[in-house]
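Hi,

Here is the structure I promised to pass on. Have a look at it first, and my notes follow below.

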Amino acid sequence: MLKRFILSIGLLFAAQGAIADSFWEHNGSLMRLSTDGSDQRIFTYEEPSDLMYRAGVRTGTVLFEGRRIGDEYVGTARVFSRNCGWLEYRVSGVVPNERTVVLYGKRERYNSQTCRPTGSVAHDKLVFNYRYSE
């Protein structure tokens with residue numbers, strides 16, 4: 001009975017897949033794409049650009065968290081501000097090939113000094129280009 005239980009646990013972990021990371025370029029920053037073998041996807045900053053660093057972004061800061069469903073990504077992205085912190089908004093997009101991910105979303109714009117909504121909307125396009133894998 002114990003042997004069967006241990007074997008079942010081992011098969012469960014094997015079925016989940018190993019953690020695989022790859023590295024991507026996005027607007028001058030090096031990003032890490034993490035996946036656990038399922039459809040979960042997380043882009044974090046590995047080496048933020050100077051602009052993003054000044055906005056408060058550090059290694060490990062999450063930019064996108066969501067899922068890959070076929071050739072599409074769906075989830076939540078963040079926009080960063082030195083004075084206002086970060087704002088989340090919905091994004092979705094496609095994987096036109098295994099070396100590029102393109103996400104689109106619209107978000108409310110905020111005044112960078114008062115952190116209040118301006119009443120206008122920004123249409124964002126986030127492009128990630130594959131660099132290498134670990």
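A word on terms before the details: helices (H or I, at least four residues) and strands (E, at least two) are DSSP runs, numbered from the N terminus. Two strands pair if DSSP finds at least two bridges between them.

Please keep in mind that this is a predicted model, where local features need pLDDT of at least 70, side-chain atom pairs count only at pLDDT 80 or more, and totals for chains, interfaces and linings use all residues. Residues are numbered from 1 along each chain as its sequence is written, and side-chain values use heavy atoms, with hydrogens and water left out.

The overall layout

The chain has 2 helices and 8 strands, and along the sequence they come in the order α-β-β-β-α-β-β-β-β-β. Of its 134 residues, 36% count as buried (under 20% relative accessible area; exposed is over 50%, partly exposed in between, with a 1.4 Å probe and protein chains only).

β4 and β5 run antiparallel and pair over 6 bridges, with Gly66 opposite Gly75 in β5. The two strands make a hairpin with 2 residues between them, and Gly70 in that turn has a positive phi of about 65°. On to the next pair: β5 and β6 are also antiparallel, joined by 10 bridges, and they form a hairpin with 3 residues between them. Phe80 has Trp86 as its bridge partner in β6.

Aromatic rings

Searching the whole structure turns up 8 aromatic pairs. Rings of Phe, Tyr and Trp (its six-membered ring) pair if their centres lie within 6.5 Å; planes under 30 degrees apart are stacked, over 60 edge-to-face, and the rest tilted. One of the pairs is Tyr45 with Phe80, which is edge-to-face at 6.0 Å centre to centre and 80° between the planes. Tyr45 sits in strand β3 (residues 40–47) and Phe80 in strand β5 (residues 72–81), so this pair ties together parts that are 35 residues apart in sequence. Tyr45 is buried at 2% relative accessible area, and Phe80 is buried too, at 16%.

Ring pairs also link Trp24, Phe43, Phe64, Tyr73, Phe128 and Tyr130 into a cluster.

Two arginines deserve a look as well. The charged end of Arg58 sits over the ring of Tyr53, 3.6 Å from its centre, and Arg107 lies over the face of Tyr89 at 5.9 Å from the ring centre. The test is that NZ of Lys or CZ of Arg is within 6 Å of the ring centre and within 35 degrees of the ring normal.

The core

Ser22

Finally, Ser22 in strand β1 (residues 20–26). Is Ser22 buried or exposed? Ser22 is buried, with a relative accessible area of 11%. Its side chain makes a polar contact of 2.7 Å with that of Trp24 (a pair of N or O atoms within 3.5 Å; within protein, one must be able to donate a hydrogen and the other to accept it, and residues adjacent in sequence count only if both atoms are side-chain atoms).

Cheers
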